[in-house]
Each structure stands twice: as structure tokens, then as C-alpha cells.
Amino acid sequence: MPLPFLTADRARDDDAAAGADPLGYEDPDRWRRPYRPGPWRVGGAALLLLLASYVLFSAMIIAMAGSLPAAGVCAGVAALMIVTAVRLVRSGVVVSAQGLRRIGLLRSITVRWQDIAAIRTAQQPVRWLGLPRTVQGQALLLQSVRGGAPDTLITSHDADFLGQAESFEKAADAIEGWSAAHR
């Protein structure tokens, strides 16, 4: 029994029932993520925000005790933790009519569709949750027109798709669809 009033994406659920395009071609100039952030990414950001709330509470206690410079340091650390959590949730791959953008924790890289030779899925060793440990999995690879080694966009074992093989396939198909439509 579907309960649409409990979902955050009620408008999307209504559009999907009406047969709307899931890739969102109604506004191709808008940057959009073709998949949802995974539970590992959201959970990590939530834990970081919880820790930031404790640090802010300690900053308040330190400020009431009379040590304003130490409270300022605690508030600065909490602000840095909040910015990191927001950036962690925003990181991933977004697409638009202009090209493909990889948003990382510290930097973003934009590639125009004309500069992409191919986007393909390959079976290869991938990093587990971004850690040095590698496991056998799938990766969506971007081959540049200039040549060289292909860049890994997303993997089946990163923070968005760990334990969700079907979600990885849908995301890879969506990104490949955007590539085919705009190259």
C-alpha cells in the first residue's frame, strides 16, 4: 500500500505515476544529480552534524564560563564541521545540458559534453567507501577526447551505492542517457 503523504518526493511520485520523464528534461540547463544521495553519505553527514551540535554546546558552556577566545575556537571548529557535512552531502555527479560536473569534498571538475569520448560501465577493482581497500565491483568510467586513463565517476561500492546494485545501475543508465542525448 503506497503512502505518498509520508514521502519527501510526493511531487516526483505524482509525476512518475503520470508518466513524466525521470531524467528531468523539462529544464536541461539546471544542474541536477541523476540519483539520490546514498545512506552511507547521508548517515556520515548526520553523524558529523550531531558531533557539531555537541561542539557548539560546549562552546556555549565555555563562553558562559568566561573564556571567549576558547569558545570562539570551538564555534569555528563546529562551523567547519557543518560546512564539511553539507559539502559531503553535495558531493557526487551532477549533469546538465552544458556537461557533467564531479563535485568532490574540496573541489569540483566540470567537463563539457563535447570533451567526452565515451561513458561506460566496467567491471574492475574499486575502492570500498573511498578507503584504500579494493573490492571487485563496477565503475562508471569517463573517457576524455584527449585520451589518457579513464576517470572514475561513480562505483558500486562508494557512499551512494554500497549494497544497492540496482540504484547503481539506474544512476549509470541515467548518466549514460544524458551523455548520449547531449554529445
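The model is predicted, so local features require pLDDT of at least 70 and side-chain atom pairs count only at pLDDT 80 or more, while totals for chains, interfaces and linings use all residues. Residues are numbered from 1 along each chain as its sequence is written, and side-chain values use heavy atoms, with hydrogens and water left out.

**Helix H2**

Please select residues 39-65, which form helix H2. Helices (H or I, at least four residues) and strands (E, at least two) are DSSP runs, numbered from the N terminus. The expected span of a helix is 1.5 Å times one less than its number of residues. For the 27 residues of H2 this gives 39 Å, and the end C-alpha atoms are 39 Å apart, which agrees.

Within H2, colour Arg41, Ala45, Ala52, Val55 and Ala59, which are buried (under 20% relative accessible area, with exposed over 50% and partly exposed in between; 1.4 Å probe, protein chains only). After H2 comes Gly66, with a positive phi near 110°.

**The aromatic cluster**

Next, show the side chains of Tyr35, Phe161 and Phe168, which ring pairs link into a cluster. Rings of Phe, Tyr and Trp (its six-membered ring) pair if their centres lie within 6.5 Å; planes under 30 degrees apart count as stacked, over 60 as edge-to-face and the rest as tilted. By this rule there are two aromatic pairs. In one of them, Tyr35 and Phe161 have ring centres 5.0 Å apart and planes at 55°, so the pair is tilted. Tyr35 lies in the loop between helix H1 (10-17) and H2, and Phe161 in the loop between strand E6 (151-155) and helix H4 (165-182), so the pair ties together parts that are 126 residues apart in sequence. The rings of Phe161 and Phe168 have centres 5.7 Å apart and planes at 80°, so this pair is edge-to-face. Phe161 has 2% relative accessibility and counts as buried; Phe168, at 1%, also counts as buried.

Move to Ser91, in the loop between H3 and strand E1 (92-95). Its relative accessibility is 7%, so Ser91 counts as buried. Leaving aside residues up to four places away in sequence, Ser91 touches Arg33, Arg41, Ile103, Gly104 and Leu105 (contact means heavy atoms within 4.5 Å).

From here, select E1, strand E2 (residues 99-103) and strand E3 (108-112). The three strands form an open antiparallel sheet in the order E1-E2-E3. Two strands pair if DSSP finds at least two bridges between them. E1 and E3 are the edge strands, each pairing on one side only. Four bridges join E1 and E2, and the bridge partner of Val94 is Arg101 in E2.

A charge sits over a ring if NZ of Lys or CZ of Arg is within 6 Å of the ring centre and within 35 degrees of the ring normal.

**The hairpin of E4 and E5**

Finally, select strand E4 (residues 116-127) and strand E5 (residues 134-144), which run antiparallel and are joined by 11 bridges. Val126 stands opposite Val135 in E5. Six residues lie between the strands of this hairpin, where Leu129 takes a positive phi near 55°. The last stop is Arg133, which lies over the face of Trp128 at 5.5 Å from the ring centre.
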